[in-house]
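Dear colleague,

I am handing over a structure for you to look through, and below it you will find my notes on what came out of it. Please keep the structure open beside the text as you read.

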Amino acid sequence: MDPQPPSPPLTAALPRDVIHVFWHEGMLDHDTGAGVFDTCFDPGFLEVLDKHPENADRVRNMVSILRKGPLAPFVSWHPGRPAHLSELFSFHTAEYVEELVQANVAGHKELCPGTFMNPGSWGAALLAAGTTLSAMKHILDGNGKLAYALVRPPGHHAQPCRADGYCFLNNAGLAVQLALDSGCRKAAVIDIDVHHGNGTAEGFYCSDNVLTISLHMNHGSWGPSHPQNGSIDEVGEGSGFGYNLNIPLPNGTGDEGYAYAMNQLVVPAIQKFEPGLIVLVVGQDSSAFDPNGRQCLTMAGYKKIGEVVRKLADMHSEGRILVVQEGGYHVTYSAYCLHATLEGVLNLPAPLLSDPIAYYPEDKAFTVKVVDSIKQYWKECVPILG
Ligand SMILES: [Zn+2]
């Protein structure tokens, strides 16, 4: 008698979410150089120079963990593409785009501290923008509810008329504008990169169609390229008043503190706003081991954030989430934390990967006080939350 074929595992019959990942390897061509941290300065007395934190290796590992890690069966891959120049004007000024084009022609320019345009950079920036637009279009066309734009250079510091913080073009901002132009009435941006999402905030500062929320380290302004300070009183202007919500968190906030901020601040704000679509702007530089951040999230914290955002999307935006990649500079741990975030977005019941290095003794008491005071401020000053 022939042996019976093994019966398929039960889980194979269950409907399974897929996340549509958009990527193009041309984004690796942006060479940010090496030196002392992000200065690209060689003092001459160091034996080993660091790569600039925003280097191709960090993204190589993100691609690799999604291709070969346990989340691979949940990933559907799609090719990215360069943005056309004409697509950039929905967020950026023509003068600024021309400045970038000229910097590319010149072959090298430091647009602001740490932000270098080198040969290959402009092509990568156009790919990051176009790839994010493709990911958004995939959702808007009804081809999937969850999409992830795996892009670099990052974008959330890029303002309509200036570069900032390793960013040239605001990938998430362009995608949000595409959603609005395609008939989406209201979109929400939840930015968990450790730095203030000033570029995206600036782009929609006078709009009540876009609720921008940024959770970040309380770093304040960092010079002419980043005049915004990310404080709670930057709430928007004109008809946008009350539609920009900054959540500056204390150093070392950790998983529990972030969960508290998400549940006490982000959840009620999204519930009041009722967006048709949520853009989750992710940076793994909020992790416990990032060279650029001090916020001490671990994989468990990232997974939790992904779960909370998924729940909000299921309630308010038909489950539609575009995830956009920003910072995250630990070459190994950023990939792990990305994996954990997407596990949360996919609503997987248990982690598929254990945390290789997490150890951070948390004390959320101070964060709770800060979050409670922000909540009180919003109650008094933000009309939709009053
Ligand atoms: Zn960042």
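In this predicted model, helix 7, which spans residues 254-273, and helix 10, which spans residues 365-381, have axes that come within 10 Å and cross at roughly 15°. Since angles under 35 degrees count as roughly parallel, helix 7 and helix 10 are therefore roughly parallel to each other. Helix 7 passes helix 10 in a right-handed crossing. On the side of helix 7 the contact is made by G257, Y260, A261, Q264 and L265, while helix 10 contributes T367, V368, V371, I374 and K375.

Helix 1 (residues 56-68) packs with helix 9 (residues 333-345) at an angle of about 40°, and their axes are 8 Å apart. How do helix 1 and helix 9 lie to each other, parallel or oblique? Helix 1 and helix 9 are oblique to each other, and their crossing is right-handed. The contact is made by R58, N61, M62 and I65 of helix 1, together with S334, A335, L338 and H339 of helix 9. The residues of the contact of helix 1 with helix 9 comprise four nonpolar, three polar and one charged.

Turning to the strands, you will find an open sheet of eight strands in the order 4-1-7-12-11-8-9-10, with parallel pairing. Strand 4 (75-79) and strand 10 (244-249) are the edge strands, each of which pairs on one side only. From one strand to the next, the twist averages 15°. Within the sheet, strand 1 (residues 19-23) runs parallel to strand 7 (residues 146-149), and three bridges join them. H20 stands opposite A147 in strand 7. Helix 4, covering residues 121-140, lies across strand 1, strand 4, strand 7 and strand 12 (321-325), and runs at about 175° to strand 7.

Lastly, there is the record to set beside the model. The UniProt annotation, from an unreviewed entry, reads "domain: Histone deacetylase" and covers residues 52-343.

Definitions and conventions: Residues numbered from 1 in each chain as written. Predicted model: local features only at pLDDT ≥ 70, side-chain atom pairs only at ≥ 80, totals over all residues. UniProt positions renumbered as here; feature names shortened; annotations may be inferred. Axes fitted to C-alpha atoms, helices over the stretch in contact; angles between N-to-C directions. Helix = DSSP H or I, 4+ residues; strand = E, 2+ residues; numbered from the N terminus. Parallel < 35°, antiparallel > 145°, perpendicular 65-115°, else oblique. Left-handed = near helix turned anticlockwise from the far one by under 90°. Contact = placed C-beta atoms within 7 Å. Pairing = 2+ DSSP bridges. Nonpolar A, V, L, I, M, F, W, Y, C, P; charged D, E, K, R; others polar.
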